[in-house]
Amino acid sequence: MTRRSGRIASQCSKSLFTKTNAKVKKEENQPIIKVEPLTNPIKVEPLTNPNTIPKTPSPKKRKNASSSRSSPRTPKRLSPKRSPTRSSPSPRRKSPKKFIPKSILCSSDIAKISPDNSWIDLKVPPHELRPSATLTTGQCFNWNVVHDDIRIRMMEENKDMDILTSASASAWGTFNETEWVGPISNMILSIKETPDTTMYRILYQSPTCDVNHINMSEFLTDYFQLETALLPLYQSWSQNDERLSQIAAVIPGLRIIRQDPVECLFSFICSSNNNIPRITKMLSSFRETYGEKMMDLPVRLLECDGLSLEPLELTMAIYSFPTLEELKSSTEKELREMGLGYRAKYIIETRDMLIDFGGKEYLLSLRKQSDSKAVQEELIQFSGIGRKVADCVALFSLDQHNAIPVDVHVQHIASRDYDPTVLDGAKSLTPTIYQKVARLFQDRFEYAGWAHSLLFVAELKSFRDVLPAEMVADMDKWREAENARKAALKEAKKEKA
């Protein structure tokens, strides 16, 4: 072969290589379709009639936890073809986050349910209650976001993918949303946040429910603890903490919910060493197996190219949280098969202890206690309940307004903003360190548990955009320094070994 013919062959080979790579890249840009199972406290079932509500719930049937459950068919993952000539991506470049299709509730579909039940105004101003800062920030796990499908359509037309990403990704917090649906007791309510107030609408009410339209507002006043004026607390907290005053200005109306104590107790046993999607999935199976089915809700599929035009054939089925009586026949084996793992043993043992102590009435009696530490000591007697879970139950259901649930995130807030030496060289949250961290909040604020919750919510990703830029920068800087400190300690430990 001559030099000239060799060059021609090389150029042809290079051209073919370039075209092959272009084809591979084109194929790589095709969207990857993946539908995740719902993690809400609900079950997906065939829709009977999305525009009506059954007047009476379906007869309760005990489900065998080991039996298979129907679920939506998930399409196979579409993967791009690989070529042996494909080069590995640079380690310095981060791959873009893939959009994950998701089934969501939409406002236009929910509006068709019980259309005769109109919206009722709670007549509570924004500075006293904002559901966006309260319902989905870790206090409870029974509320589902209802997305504004008209807003999504407008974003589709403008090719604005931000709304699609936010609707698909948020596990903690729903600051930009305005409507939620969830079961409370043996009812299903829709809660709507407007610029001026908060409204509610009854979607379903059990025939045996003893709450009617007349006293529903009183029921929600108790649920949201509206008898406690929030604005004076915000003002008091702001006087004692400059950083909190900046947060209070942009995250108004965050309240502590007064939950059913039995539901709160078992929910937070499931929360131990867990994340939000897994917690809600566990509680979904828990409700489905032992609770009462109340109704189906229509859902739509949100994909990277937009929202489905019509509701899916499959729906969300909402169940009540089981009572102690309904849990009496549950077994550890059933709970393990539902995915609760080691927590199954804790739930069975706690159920038996709670029945022996007097059931729900025993928990309600703890609301009369004025010492949150005494309530903590009562609750840690139960199986699987440590100090943090005990303080969550005390704060979110037993009127212990000064209880401080301390985890690593709360300890970081305390170390960063109040006392860098609070750990005192300790490598974990010992009972002594736990109490020291709690005291840092309790000594500064009245209703310290409420103030602590406001500071905690400000750390969530979904609220970063409303915080002052300097505050976000300081949070990031401290986090980087903390990670560097831990890495240095780890390296020093390796060198000693």
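**Notebook: salt bridges, rings and confidence**

I started with a salt bridge between the side chains of Glu193 and Arg130, at 3.5 Å from N to O. For the term I noted: a side-chain nitrogen of Lys or Arg within 4 Å of a carboxyl oxygen of Asp or Glu. Glu193 sits in strand S6 (residues 187-193) and Arg130 in the loop between strand S3 (120-121) and strand S4 (144-147), so this bridge ties together parts 63 residues apart in sequence. Both Glu193 and Arg130 are buried. Buried means under 20% relative accessible area, exposed over 50%, and partly exposed in between (1.4 Å probe, protein chains only).

A note on what I'm looking at: this is a predicted model, where local features need pLDDT of at least 70 and side-chain atom pairs count only at pLDDT 80 or more, while totals for chains, interfaces and linings use all residues. Residues are numbered from 1 along each chain as its sequence is written, and side-chain values use heavy atoms, with hydrogens and water left out.

How many salt bridges does the structure hold? I got 23. Arg416 and Glu459 make one of them, at 2.7 Å from N to O. Arg416 is in helix H16 (residues 408-417), and Glu459 is in the loop between helix H18 (448-457) and helix H19 (469-496), 43 residues apart. Helices are DSSP runs (H or I, at least four residues) and so are strands (E, at least two), numbered from the N terminus. Arg416 is buried, with a relative accessible area of 17%. I also found Arg416 and Glu459 in a network of salt bridges with Arg243 and Asp417.

Arg485 and Glu482 meet in a salt bridge at 2.7 Å, N to O. Both lie in helix H19, three residues apart, which is about one turn of the helix. Are Arg485 and Glu482 buried or partly exposed? Arg485 counts as partly exposed at 39% relative accessibility, while Glu482 is buried at 11%.

**Rings**

I counted 14 aromatic pairs. The rule: rings of Phe, Tyr and Trp (its six-membered ring) pair if their centres lie within 6.5 Å; planes under 30 degrees apart are stacked, over 60 edge-to-face, and the rest tilted. Why is the pair of Phe266 and Phe286 called tilted? Their centres are 6.4 Å apart and their planes are at 40°, so tilted is the word. Phe266 is in helix H8 (residues 261-271) and Phe286 in helix H9 (residues 276-290), 20 residues apart. Phe266 is buried at a relative accessible area of 0%, and Phe286 is buried too, at 1%.

**The whole chain**

I zoomed out last. The chain has 19 helices and 11 strands, and 46% of its 497 residues count as buried.

Then I checked pLDDT, the predictor's confidence in each residue, from 0 to 100. The chain averages 81, and 76% of the residues score at least 70. Over residues 1-95 the pLDDT is below 50, and this stretch has 118 contacts beyond near neighbours in sequence. A contact means heavy atoms within 4.5 Å. Residues 167-171 also stay under 50, with 10 contacts beyond four places in sequence.
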